[in-house]
Amino acid sequence: MKFIRDILDKQKPLFSKGGRFSMFQSTFEAFETFFFVPNTVTSSGAHIRDAVDMKRTMIVVVAALVPALLFGVWNTGYQHFLSLGESVGFWQMVGFGALKVLPILIVSYVVGLGIEFAFAQIRHHEVNEGFLVSGILIPLVLPPDIPLWMVAVATAFAVIIGKEVFGGTGMNIMNPALTARAFLFFAYPSSMSGDNVWIAEKADAYSGATPLGNLLNNNSGDLPNLWDMFIGIIPGSIGETSKIAILLGAVILLITGIASARIMISVFVGGTVMGLLFNLIGANEYMQLPFYYHFLMGGFMFGAVFMATDPVTAAQTPKGKLIYGFLIGMFAILIRVLNPAYPEGMMLAILLMNVFAPLIDYYVVGANINRREKRAKKAIAIQINETKI
Amino acid sequence: MSELKTKEPLFSAKNLKLIKNPLGKDNPITVQVLGICSALAVTAKLQPAIVMALSVIVVVALSNVIVSLLRNTIPPRIRIIVQLVIVSLMVILVDQVLKAFVYDVSKQLSVFIGLIITNCIVMGRLEAFAMANRPWESFLDGIGNGIGYGLILVIVAFFRELFGSGTLFGHQVIPEKFYEWGYVNNGFFILPPMALILVGIIIWVQRSRNKELQEK
């Protein structure tokens with residue numbers, strides 16, 4: 001480790017103010033803190049510090065996303081060869097999937113980090129680490145057949161309009177990865193929805209419909225069985241198909257305490273309530289679907305674990321988190337079942353609740369203040385009464 | 001007062017400012033944030049946006065002049081309703097002219113010409129300027145604000161039509177080759193939210209260039 005320190009110390013003057021490469025100062029700083037915990041000391045205000053700073057928090061989330069990514073790589077290859085009707089070995093599937101998925105990942109990181117570094121230098125602040133997570137989330141929520149230039153445009157849009165205009169990491173109102181997906185969904189609908197985009201280079205005759213697409217067309221007979229959906233050998237966005245991989249990520253996030261269990265659980269509760277409610281109505285086949293099917297289809301679980309729990313855009317108060325998660329679950333199922341224009345409701349539900357999260361917090365805090373004020377008034381009233389007696 | 005009037009040239013520095021300010025640091029859309037509704041609604045294509053801009057310029061300028069001429073005789077208590085009558089008169093005239101000469105565009109703009117009556121810029125200029133100034137100045141102020149509004153409309157419509165439909169004034173601009181290479185028109189630019197984002201970007205650029213507009 002010492003030789004890295006030595007290299008960094010040697011290069012530092014070049015990148016400091018006045019040095020030859022001072023225009024890349026923020027870039028240098030980002031890599032330095034990437035290797036070593038910064039030795040700066042807080043000079044005022046709160047003094048609680050932890051080795052788990054933002055950079056390390058983000059890396060844990062990335063680690064939690066790796067199982068979903070790896071499964072996505074394999075599944076991309078598996079679905080492709082399945083549609084062609086060829087049976088090939090494991091490594092050939094992985095190889096094909098990697099050729100499809102890795103370019104998307106690289107484009108997303110290069111474009112996003114490039115913009116982040118540029119903004120950090122222009123605004124003279126440190127490079128924020130938030131994009132480490134967004135950069136891997138973006139490919140995971142996209143179909144494997146998406147053209148790379150679209151990924152680049154959407155990433156640029158998400159970082160600039162979704163994040164930097166609000167002041168960078170920690171200030172954004174909406175989840176950047178979902179902003180990118182929503183942008184693509186509305187800008188290039190033919191590459192983001194329908195039956196033809198979910199399997200990379202699929203054979204024309206093969207139906208590439210996702211379970212959600214099937215249900216929308218009232219084809220519930222074509223649904224894959226529950227076990228297939230749970231393992232994830234179904235067409236879909238790269239990272240959303242395997243529920244096992246997602247649950248693995250959820251365990252990592254919950255053990256390290258980075259994601260809020262309240263939000264995750266309340267999303268599922270919200271989905272369950274809405275699913276049961278539709279069962280009660282039961283007007284069509286889609287409404288009669290058992291509620292647990294909803295968890296296994298589309299991006300519901302992925303959204304609940306990785307998107308809804310984003311600490312920046314979620315509600316902050318404990319009660320607010322419950323309301324926020326519950327409403328996400330409800331809206332996601334509501335949009336899925338009732339709106340034929342949007343087969344998957346999770347993205348829109350989370351974005352909508354992102355916007356409402358501050359309002360939820362505002363009223364939760366207000367209610368708490370009122371409750372305590374009442375209690376205080378009561379206590380004073382009792383005291384006065386006692387002194388009178 | 002009458003002496004002063006004869007002395008001041010028609011295009012004095014002060015009068016020119018009435019036209020210039022609304023284009024930049026006092027722009028009705030980007031600084032005062034008025035008239036946003038129509039800026040979102042009619043900017044999907046350039047042609048209707050330009051016709052809309054011209055209509056608003058005419059309506060603001062002429063109603064400014066008329067209100068300014070009547071300003072000393074309008075009873076303050078009912079001034080809003082009087083202003084509204086004048087504005088609607090102008091709007092109906094503009095609407096009839098459009099229907100007579102550019103019927104297609106008039107159909108595209110549908111209700112939005114009629115809705116100029118409720119455009120905050122028109123009422124705002126009448127209240128803020130024409131009620132307290134002489135006709136010539138009011139005319140210039142109306143022209144200035146109309147152009148300031150139209151400028152933003154045209155900029156937004158330019159980008160929306162270029163990226164949303166690949167055309168300008170209905171002519172194909174983005175070469176066919178691009179489409180063969182895999183380029184696709186951006187459907188988001190056709191939707192009104194993109195107009196809102198574009199207006200936001202214009203405000204962002206304007207504010208970062210103009211120190212006067214930045215809050216401390």
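Modeller: Domain bounds come from an automatic or database domain assignment, and on that basis chain A is divided into domain 1 (21-37 + 53-258) and domain 2 (261-389). This is a predicted model, in which local features need pLDDT of at least 70 and side-chain atom pairs count only at pLDDT 80 or more, while totals for chains, interfaces and linings use all residues. Residues are numbered from 1 along each chain as its sequence is written, and chains are lettered from A and ligands numbered from 1 in the order in which they are written.

Biologist: How do you know how far apart the centres of domain 1 of chain A and domain 2 of chain A are, and what makes up the contact?

Modeller: Taken over C-alpha atoms, the two centres are separated by 25 Å. Two residues are in contact if their C-beta atoms, placed from the backbone, lie within 7 Å, and the contact takes 33 residues from domain 1 of chain A and 26 residues from domain 2 of chain A. On the side of domain 1 of chain A that touches domain 2 of chain A, α11(A) gives the most, with six residues.

Biologist: What makes the residues on that side of domain 1 of chain A nonpolar, polar or charged?

Modeller: Ala, Val, Leu, Ile, Met, Phe, Trp, Tyr, Cys and Pro count as nonpolar, Asp, Glu, Lys and Arg as charged, and the others, Gly among them, as polar; by these classes the side of domain 1 that touches domain 2 of chain A has 18 nonpolar, 12 polar and three charged residues.

Biologist: What makes up the contact between chain A and chain B?

Modeller: Eight residues come from chain A and eight residues from chain B. On the chain A side, helix α7 (residues 176-187) supplies the largest share, three residues, and by class that side divides into eight nonpolar, no polar and no charged residues.

Biologist: How do you know how many helices and strands chain A has, and how many chain B has?

Modeller: Helices (H or I, at least four residues) and strands (E, at least two) are DSSP runs, numbered from the N terminus. Counted in this way, chain A comes to 17 helices and zero strands, whereas chain B comes to 11 helices and two strands, in the order α-α-α-α-α-α-α-α-α-β-β-α-α along the sequence.

Biologist: What share of the residues counts as buried in chain A, and what share in chain B?

Modeller: A residue is buried if 20 or more other C-beta atoms lie within 10 Å of its own, exposed if 12 or fewer, and partly exposed in between, with C-beta atoms placed from the backbone. By that test, 43% of the 389 residues of chain A count as buried, and buried residues make up 35% of the 216 residues in chain B.
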